[in-house]
Amino acid sequence: MGSADSKLNFRKAVIQLTTKTQPVEATDDAFWDQFWADTATSVQDVFALVPAAEIRAVREESPSNLATLCYKAVEKLVQGAESGCHSEKEKQVVLNCSRLLTRVLPYIFEDPDWRGFFWSTVPGAGRGGGEEEDENARPLAESLLLAIADLLFCPDFTVQSHRRSTVDSAEDIHSLDSCEYIWEAGVGFAHSPQPNYIHDLNRMELLKLLLTCFSEAMYLPPAPESGSSNPWVQFFCSTENRHALPLFTSLLNTVCAYDPVGYGIPYNHLLFSDYREPLVEEAAQVLIVTLDHDSATSTSPTVDGTTTGTAMDDADPPGPENLFVNYLSRIHREEDFHFILKGIARLLSNPLLQTYLPNSTKKIQFHQELLVLFWKLCDFNKKFLFFVLKSSDVLDILVPILYFLNDARADQSRVGLMHIGVFILLLLSGERNFGVRLNKPYSVRVPMDIPVFTGTHADLLIVVFHKIITSGHQRLQPLFDCLLTIVVNVSPYLKSLSMVTANKLLHLLEAFSTTWFLFSAAQNHHLVFFLLEVFNNIIQYQFDGNSNLVYAIIRKRSVFHQLANLPTDPPAIHKALQRRRRTPEPLSRTGSQEGGSMEGSRPAAPAEPGTLKTSLVATPGIDKLTEKSQVSEDGTLRSLEPEPQQNLAEGGLAEGEPGQAREQRRLSSASASGQWIPTTDWILSWKSKLPLQTIMRLLQVLVPQVEKICIDKGLTDESEILRFLQHGTLVGLLPVPHPILIRKYQANSGTAMWFRTYMWGVIYLRNVDPPIWYDTDVKLFEIQRV
């Protein structure tokens, strides 16, 4: 039968279903088989031939028929899994049912009355009525998930058969050890199976259905209490699923082994179409959803130094019940870490290759999923985090992240990407080794829209952060705290900043210490505290190599004197706020000595009007995101108890009016439109804490010496002064070095919720062919147009 006939028959069946007012018996196979037995429809056909309005109509008007359709489709998948899908016809039935369920499930999830349907047992179903045996009385969802898992390791359908010849009987799907059928070499598996186009396509269809099952999470509003108990994920990643380990490994290895270049030969992808990418993308999405687990509320496995013979570390306690999280947290072999890190770095760098060898490789689009996966790896597996930081390989992750941050800074639809990039750098910056690695010279010349500089990876990081702060869009302001916290965390280890970078840091201080900026919101002064801490760390711990920064501080010394003499009287406050009304622009670029941008770079572009984006929940403030630790003499970290009076903004109003003070604070956090009213007491409460002693001492010692050189030699030449500063010393002249403070990321339910909404938003927007969730009543986020 031709494909046109086949579509026609399928469409007829759909019309019959939507027009029948009477329930159709489950035993009426002649009717139900029309949906999957004689048709060869693609997933795109199914989406076109089963319109949303008709699914909703059946749901409202003949619910029992929709229930039977779902039940029968699941039954067919279960039968396919039982039999092992040997005939072409069986394979076709499985694919058709899988596509149909992918189409219908979102409409089941969007209706709260239907939500329990898949978790109920269907009475009298199965053997055509009669009393059920107990073992068959599984909820429909469980039968569906187990069937999908079995089908993903089905010889000659989704995996290569190991049969020697056709004479052997078919492999029994029940006795088959799926660990021998892992899809790709890598973690815990050495054999790389022959690539098979058809198997990849079949896996993809099943993974799409699996992702659709998991997507029930999209139909529940974001609530911190909801924990991470997605019942679909919970069951699929439990010991009930005998394929959990091989499937986890297959997904991870498929993603990390993927090489979009076309086997290392430039331009190869123009000759061969790459059917692997859609599978890799689907695998990455399923993987991050199964790993959606709130680590703040669970016990994660201990990190001990033991190594065992298996790919998974047998750490005890056993760790989370979610086996995917459990396996991920127990990977421990060096070669496995190497394979994962190299794979993720290769894929993240792919868009950068595009820029200096255009079209030489295929451009991949799933970097956001990769960043979420990298985050999960570092968050759940501390040994992996230490491995990443052990060598300069971490820079192969850093450079692409900085590239994405710089590229997305003007684009409202990519705020989520900006956040995850910054979160990853915050997590890394809590470890001393990250700061040390940044001293490696930066020689890769990825064309980026940033000033040209000669220096290290630390210079690259600071120059990009400066660019984000001074020329990103308004919605990035909540990230400023995070960006500067990262710089503070790495500052004690930075051996030598370039002149370009030193000027950028002082430009930020200048911009953030204007009175109108300091007085216009309750938290703005924190940014000045962070920058002063950066300068103090470098002066106290890395003075010798940082003559550029010392010189920049001397040149801009007036900024420090102005801070020390910050006016606090009401008329001055009033005047500063008047200026604020005239200057809505948060930060000017003037005074930043912007050099030309790198050759071949394109300016960061805003989103195209009409671009779809999904809303995100707010992220916790920096004090909730991080926990302060002090670095001891021997380099170990000691956690500090939070001080009782944490929020400096709280001293904001005179005593005796707590109600009004609370109201002020509420307004100040609720809007930046000028509701916040700074008071003299409030300014004094933090002005007295500004850590200016070290810098003032440095200026007191060095400024007269530098001025003397200029007068004696009639100098206007920087190099002579820099040479003097290079050989100068402040030993014994500065205050006693302060202990180094590191603000380490700490897991919390606020970020867990943020990751959940971000991840599902990405998945929603990236699945457009077919558009699985489009136009359904999603509750986890809003879909907005830029």
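Leu532, Phe535, Asn536, Ile539 and Gln540 of helix H24 make contact with Thr694, Ile695 and Leu698 of helix H31. By class, the residues of this contact are five nonpolar, three polar and no charged. The model is a predicted one.

Now look at the geometry behind that contact. H24 covers residues 525–541 and H31 covers residues 693–713. Their axes come within 9 Å and cross at roughly 55°. An angle under 35 degrees would count as roughly parallel, and 65 to 115 as roughly perpendicular. The two helices are therefore oblique to each other. The crossing of H24 with H31 is left-handed.

What surrounds isoleucine 397, once neighbours within four places in sequence are left aside? Its contacts are Leu341, Ile344, Ala345, Leu348 and Phe374. Lysine 342 also belongs in this picture. Lysine 342 and isoleucine 397 are 55 residues apart along the chain, yet their C-alpha atoms are separated by 9.4 Å.

The last stop is a sheet. It is open, has three strands in the order E3-E2-E4, and its pairing is antiparallel. E3 and E4 stand at the edges with a single partner strand each, so one side of each has no neighbour in the sheet. On average, neighbouring strands are turned by 40° against each other, direction ignored.

Start with E2, residues 626–631, and its pairing with E4, residues 741–745. The two strands run antiparallel over five bridges. Which residues face each other here? Threonine 626 has tyrosine 745 of E4 as its bridge partner. Glutamate 627 stands opposite lysine 744, also in E4.

Then take the pairing of E2 with E3, residues 637–639. This pairing is antiparallel too, over three bridges. Across it, glutamine 630 stands opposite arginine 638 in E3. E2 and E3 form a hairpin, with five residues between the strands. Glycine 635 sits in the turn and has a positive phi of about 90°.

When tracing these strands, keep one general point in mind. In a regular strand, side chains alternate between the two faces of the sheet.

Conventions
Residues numbered from 1 in each chain as written. Predicted model: local features only at pLDDT ≥ 70, side-chain atom pairs only at ≥ 80, totals over all residues. Heavy atoms only, no water. Axes fitted to C-alpha atoms, helices over the stretch in contact; angles between N-to-C directions. Helix = DSSP H or I, 4+ residues; strand = E, 2+ residues; numbered from the N terminus. Parallel < 35°, antiparallel > 145°, perpendicular 65-115°, else oblique. Left-handed = near helix turned anticlockwise from the far one by under 90°. Contact = heavy atoms within 4.5 Å. Nonpolar A, V, L, I, M, F, W, Y, C, P; charged D, E, K, R; others polar. Pairing = 2+ DSSP bridges.
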